[in-house]
Amino acid sequence: MSIELLLALITGAALFGVGVYGALSQTNLVMIMMGVELILAGAMVNLVAFWRYLHPDNPAGQMFVLIIMTVMAIEMAVGFGVAIARFRAKGSVEMEEATELKG
Amino acid sequence: MTAQMFFISFFGIAAVWFGIVVFRTFSMVRSALALLFSQTALGAMFLSMQAEFLGVLQIMMMATEMSIMAIFMVMFMMDPGGLGEMDMTHQKRLSLGAGIVSFVAAVAIAVFVDWGPAASSAPDAAQQTVDLGLELLGRSMLIFETAGITILTAMIAATAVAIQPVKRSNEHEH
């Protein structure tokens, strides 16, 4: 296995770990979204590394990266839409206060 | 150590470091900027992995996305400058544990799986772009079009959710 591939995969793993910590530990909706962005970034690094070091002749690998970028953009758009609606209704986007659906 | 290995390590460390800074600073604007630097370092990492189109796309897209995020931060946070040093975290120990476990699991998979022989070279930038264009408008067209429609739907849905409800007074009621 190439060292470059391993380095890229370790970077992806680290970004994923930091993202999981951020998404679980933050109380603000926008900060939680930042954690999710880092998780997706970790996935993206892996996809680029797999394309480059395992199948550089198959452009489908790059296409998957474009799909992840789309998911990131959708997550941002919907997340900010929800944040605006929440802020308008409750005056805050603190998720500890969002207990309406709690069983 | 080859130049490619050096740049992948350098930009990888930068991306992870700025990713950590996102959750360490009290200033929300600094958080958004740290995420921007992290994503830009990733773009540079893609460039050093010879994925030129994706690298440039990543840098351009994330610069816009994170600028918007910084504006939202200032709009929505109680203390966007971080001067009050408010702690806005919960279940820290559980989150840290989950983060470390997922990192270790992903590294273990990366190290112990036999990925097979690595390719030594990639097509040049122009050829990559041609290949990707043909892929997107050929074999993967349905997936690509679905992504386009999904993002359009998400934009409309996000606008519909965010828009202020108009209270209509019905004059014909009385």
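## Terms and model

On a 1 Å grid over the protein atoms alone, a pocket is an open set of points with protein on both sides within 12 Å along at least five of seven lines, whereas a cavity is a set of points where a 1.4 Å probe fits but cannot get out. Lining residues have an atom within 4 Å of a point. Grid points are joined across faces, edges and corners, and a volume is the space filled by probe spheres set on the points.

This is a predicted model, in which local features need pLDDT of at least 70 and side-chain atom pairs count only at pLDDT 80 or more, while totals for chains, interfaces and linings use all residues. Residues are numbered from 1 along each chain as its sequence is written, chains are lettered from A in the order in which they are written, and side-chain values use heavy atoms, with hydrogens and water left out.

## The largest pocket

The largest pocket holds about 510 Å³ of space. It is lined by 23 residues, and those closest to its centre are A:Tyr21, A:Gln26, B:Ile20, B:Phe23 and B:Arg24. At least two lining residues come from each of H1 of chain A, helix H1 (3–24) of chain B and helix H4 (92–112) of chain B; helices here are DSSP runs (H or I, at least four residues), numbered from the N terminus.

By class, this lining has 15 nonpolar, five polar and three charged residues. Ala, Val, Leu, Ile, Met, Phe, Trp, Tyr, Cys and Pro count as nonpolar, Asp, Glu, Lys and Arg as charged, and the others, Gly among them, as polar.

## The second largest pocket

The second largest pocket has a volume of about 240 Å³. Its lining includes A:Met76, A:Phe80, B:Ile68, B:Phe72 and B:Met155. H3(B) gives the most to this lining, five residues. The classes are nine nonpolar, one polar and one charged.

## The cavity

Residues of both chains line it: A:Trp51, A:Pro56, A:Pro59 and A:Gln62, together with B:Pro123, B:Gln128 and B:Asp131.

## The interface

In chain A, 71 residues are in contact with 82 residues of chain B, where contact means heavy atoms within 4.5 Å. The area buried between the chains is about 6,500 Å², with 78% from carbon and sulfur atoms; buried area is the accessible area (1.4 Å probe) that two parts lose on being put together, summed over both. In chain A, A:Tyr21, A:Met34 and A:Arg52 lose the most area to chain B, together 10% of what that side buries.

Zero salt bridges are found across this interface (a side-chain nitrogen of Lys or Arg within 4 Å of a carboxyl oxygen of Asp or Glu). On the side of chain A that touches chain B, H3(A) gives the largest share, 22 residues. That side has 51 nonpolar, 13 polar and seven charged residues.
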